[in-house]
Amino acid sequence: MWFLQERNEAMLVGRAVALGVIAVVGLFVPEAATAEEHLLAAAACAVALVLHVALWAMSRRWSRRLLLAVDAAIVIDAALILVLAHLAGAGNGIGLWLLPLLAVAVTLGYDTLAGVKALILGGIVLAALRLLGEDGAPPLEEAAAPLVIAVALVIVAGYFARVNERDLNRQLTLIEGKWTASAALTGASEVDEVVAAVRRALATVLPGWDVDVVLDRRAVTMRSWRERDAVFLETPLAGGDPPRPVGRVTASRPAGRLDRVTVRGRQMAALREVADDAGSALVRIEERERFERQALADPLTGLGNRRAFDEAIVAEMSRIERSGDPLGLVMIDVDHFKRFNDRHGHQAGDAALVAVARAIERGARAGDRACRVGGEEFALLLPGADEQAAAIVAERVRAGIEASADAAEPITVSLGVAAAHGGGDVPALVRTADARLYAAKGAGRNRVVSETA
């Protein structure tokens with residue numbers, strides 16, 4: 001209803017200007033009228049203006065009366081035309097030429113229905129003037145000329161008003177789709193959210209098209225083509241500075257060989273804007289994930305760091321509390337690493353740690369998580385592994401490190417194994433694995449200690 005209120009206020013301003021002009025003209029035209037008739041014409045305009053202001057104030061105070069106020073305003077306009085036409089003389093008919101102006105103004109200001117109401121009231125005005133039966137009245141067809149012109153103008157104005165309104169609605173739909181997508185993409189923190197936002201936006205921008213979002217690094221250009229019984233549109237997803245490709249959006253719809261598929265320029269521009277926002281969002285998510293990985297990665301070995309281990313073991317413990325699965329933990333420490341560093345230097349020591357990390361990854365299962373939790377200390381999380389299974393993996397890791405020839409001299413490790421079943425205490429699990437690690441060192445190093453050993 002707010003848009004009708006705004007239109008009504010705009011019409012009030014237009015009426016005020018028009019009534020002012022008519023009042024001034026009415027003081028002098030027609031020249032044959034008496035001074036009293038000139039004053040009555042001006043007074044009629046003033047009364048009409050007061051009534052219009054009163055109707056506007058009523059609609060502002062009681063919004064439910066707005067439609068009534070609009071109809072009443074049209075009646076007042078028609079009554080004013082009747083008065084002015086009567087004062088001008090039916091034979092003159094100057095006042096009747098206000099009918100086309102009223103019909104067009106009401107049609108454009110409100111809608112075609114309001115214009116039809118104005119035409120009906122115009123017919124009533126014409127009939128009333130004929131009933132007054134003034135001397136010198138022209139033939140009916142001549143007197144009806146303003147009304148006929150008003151009908152033609154209402155038809156034309158109504159048609160173009162509908163066209164403009166439809167075009168405006170399309171533009172508003174595109175703007176709403178782009179704004180909604182921009183807001184969603186700005187706040188997106190996951191790739192799935194970006195894909196969903198693009199699909200929702202393009203359902204508005206390209207109604208009736210199937211949309212596919214593909215994430216890859218292949219560079220594409222914006223293009224369209226026809227293939228078999230379908231038409232395709234494709235636009236790249238890119239972002240960053242300089243822009244780099246992160247995917248593409250492909251839209252398609254069925255179309256026969258003779259079917260003409262039209263995509264407006266505004267739609268293409270909206271598609272491009274949505275794709276640009278999506279590309280920027282995807283690059284932003286990539287950068288964030290890269291920084292997060294860097295924050296959780298050990299810079300030397302590439303394994304998870306202490307923070308990554310702490311987060312992973314808490315998450316795994318929460319998971320097994322729900323699932324009831326076991327969780328294995330292997331704590332690993334390089335034997336005599338300080339002595340190795342003293343003999344060969346820190347550069348060789350770093351190379352040895354990298355070799356140990358690679359051997360741990362080779363010995364671990366798919367889905368296990370290896371982390372470097374200290375200088376020469378590592379941890380291996382084994383989701384779904386009980387202590388016996390964890391001990392088997394630990395022995396494989398130990399043997400792999402011992403057999404490795406990547407270091408300046410043979411490297412061995414000591415390993416402690418523990419497991420939790422269906423949940424438990426994280427610190428207790430770590431303490432148990434640590435205690436067995438030190439037991440392995442105390443027993444001569446280069447061995448695995450577990451409860452099952």
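This is a predicted model: local features need pLDDT of at least 70, side-chain atom pairs count only at pLDDT 80 or more; totals for chains, interfaces and linings use all residues.

Colleague: Is Glu316 buried or exposed?

Modeller: Buried, because its relative accessibility is 19% and the cut-off for buried is under 20%.

Colleague: And what is Glu316 in contact with, leaving aside its neighbours within four places in sequence?

Modeller: Leu327 and Pro383.

Colleague: OK, switching to the nonpolar core. Which residues of the largest one touch the most other members?

Modeller: Leu80, Leu96, Val106 and Tyr110, out of 41 residues in that core. Helices H1 (2-26), H2 (35-61), H3 (66-88), H4 (98-109), H5 (112-132) and H7 (145-187) each supply at least two of its residues.

Colleague: Which helix gives the largest share?

Modeller: H3, with 12 residues of this core.

Colleague: Now helix packing. At what angle do H3 and H4 pack?

Modeller: About 170°, and their axes are 10 Å apart. Anything over 145 degrees counts as roughly antiparallel, so that's what H3 and H4 are to each other.

Colleague: Which residues make the contact?

Modeller: On the H3 side, Ile74, Asp77, Ala78, Ile81 and Leu84; on the H4 side, Leu98, Leu99, Leu102 and Val106. By class, the contact of H3 with H4 has eight nonpolar residues, no polar ones and one charged.

Colleague: And how do H4 and H7 pack?

Modeller: At an angle of about 20°, with the axes 8 Å apart. The cut-off for roughly parallel is under 35 degrees, so H4 and H7 are roughly parallel to each other. H4 passes H7 in a right-handed crossing.

Colleague: Which residues meet there?

Modeller: From H4 you have Leu99, Pro100, Ala103, Val104, Thr107 and Leu108. They meet Pro146, Ile149, Ala150, Leu153, Val154, Ala157, Gly158 and Ala161 in H7. That contact of H4 with H7 divides into 12 nonpolar, two polar and no charged residues.

Colleague: Let's do loops. Where is Val29?

Modeller: In the loop between H1 and H2. Val29 counts as partly exposed because its relative accessibility is 41%. The C-alpha atoms of Val29 and Ala88 are separated by 7.9 Å, and those two are 59 residues apart along the chain.

Colleague: What about His336, what is its phi?

Modeller: Near 50°, which is a positive value in a residue other than glycine. His336 is in the loop between strand S5 (326-334) and helix H11 (337-344). With a relative accessible area of 36%, His336 is partly exposed.

Colleague: And Asn446, where does that lie?

Modeller: In the loop between helix H14 (426-442) and strand S9 (448-449). Asn446 has a positive phi of about 50°, although it isn't a glycine.

Colleague: Great, thanks. I'll go and look.

Notes: Residues are numbered from 1 along each chain as its sequence is written. Side-chain values use heavy atoms; hydrogens and water are left out. A nonpolar core is a set of buried Ala, Val, Leu, Ile, Met, Phe, Trp, Tyr and Cys residues joined through side-chain atoms within 4.5 Å. Buried means under 20% relative accessible area, exposed over 50%, partly exposed in between (1.4 Å probe, protein chains only). Helices (H or I, at least four residues) and strands (E, at least two) are DSSP runs, numbered from the N terminus. Axes are lines fitted to C-alpha atoms, for helices over the stretch in contact, and angles run from 0 to 180 degrees between N-to-C directions. Angles under 35 degrees count as roughly parallel, over 145 as roughly antiparallel, 65 to 115 as roughly perpendicular and the rest as oblique. A crossing is left-handed if the near helix is turned anticlockwise from the far one by less than a right angle, and right-handed if clockwise. Contact means heavy atoms within 4.5 Å. Ala, Val, Leu, Ile, Met, Phe, Trp, Tyr, Cys and Pro count as nonpolar, Asp, Glu, Lys and Arg as charged, and the others, Gly among them, as polar.
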